[in-house]
Amino acid sequence: TAIDINPHYITPKMLQFRLQKIMDEYVAGVGTYYRTNKKMLEVAALKLEMLKEDSLKMRAKDLHELLRAWENFHRIMTAEAHMKHIQFREETRYPGFYYRMDHNYIDDVNWKCFVNSTYDRNTKKWSLKKVPYVQMIK
């Protein structure tokens, strides 16, 4: 069989393409014109969990691919954090970011804030909280 066709492993490049497709189609990517909703984010969470399982079967044929494999673990964590922030905010972040089609409004009174997230690697759970925005320069 060809080196890239094997049911027992996935290459870093294949995994990166799968991650990009998940983020593009479900987490307000260019393919959906930067739109998403609650259901799409739930599907993205399930697909990211499957991708994390598959990432344990990454293989590297050389040191360059080994570097790419480790980068993919970081990309998955970053993508998951981005998705969790979109789920938490429940609003459209316009202009220039994304549209939540189930919450298609801008609410700067309640949401002019920062969102901080932490990941507990022991429990594999995310915790998110709002932090007030303070205008320093008037």
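Reply: Helices (H or I, at least four residues) and strands (E, at least two) are DSSP runs, numbered from the N terminus. What you see is a predicted model, in which local features need pLDDT of at least 70 and side-chain atom pairs count only at pLDDT 80 or more, while totals for chains, interfaces and linings use all residues. Residues are numbered from 1 along each chain as its sequence is written, and side-chain values use heavy atoms, with hydrogens and water left out.

The chain as a whole has four helices and four strands, and along the sequence they follow the pattern α-β-α-α-β-α-β-β. Its C-alpha atoms fill a box of roughly 60 × 30 × 30 Å, taken along the principal axes. Of the 138 residues in the chain, 30% are buried, where buried means under 20% relative accessible area, exposed means over 50%, and partly exposed lies in between (1.4 Å probe, protein chains only).

Two packed helices are described by the angle between their axes and the distance between the axes. For α1 and α3 the angle is about 15° and the axes are 9 Å apart; here axes are lines fitted to C-alpha atoms, for helices over the stretch in contact, and angles run from 0 to 180 degrees between N-to-C directions. Angles under 35 degrees count as roughly parallel, over 145 as roughly antiparallel, 65 to 115 as roughly perpendicular and the rest as oblique, and α1 and α3 are therefore roughly parallel to each other. Their crossing is left-handed, a word used if the near helix is turned anticlockwise from the far one by less than a right angle, with right-handed used if clockwise.

Which residues meet there? On the side of α1 they are P12, L15, Q16, L19 and M23, and on the side of α3 they are E65, R68, A69, N72, R75, I76, A79 and H82, where contact means heavy atoms within 4.5 Å. The residues of this contact divide into seven nonpolar, three polar and three charged; Ala, Val, Leu, Ile, Met, Phe, Trp, Tyr, Cys and Pro count as nonpolar, Asp, Glu, Lys and Arg as charged, and the others, Gly among them, as polar.

E65 is found in helix α3 and, at 15% relative accessibility, counts as buried. Leaving out residues up to four places away in sequence, E65 touches P12, R59 and A60.

In soluble globular proteins, nonpolar side chains tend to be buried together. The largest such core here has 19 residues, and those with the most contacts inside it are L15, L19, V27, L48, L51 and M83. M83, one of the residues with the most contacts in the core, touches V27, L41, A44, A45 and L48, not counting residues up to four places away in sequence.

How values were computed. Core = buried A, V, L, I, M, F, W, Y, C linked by side-chain atoms within 4.5 Å.
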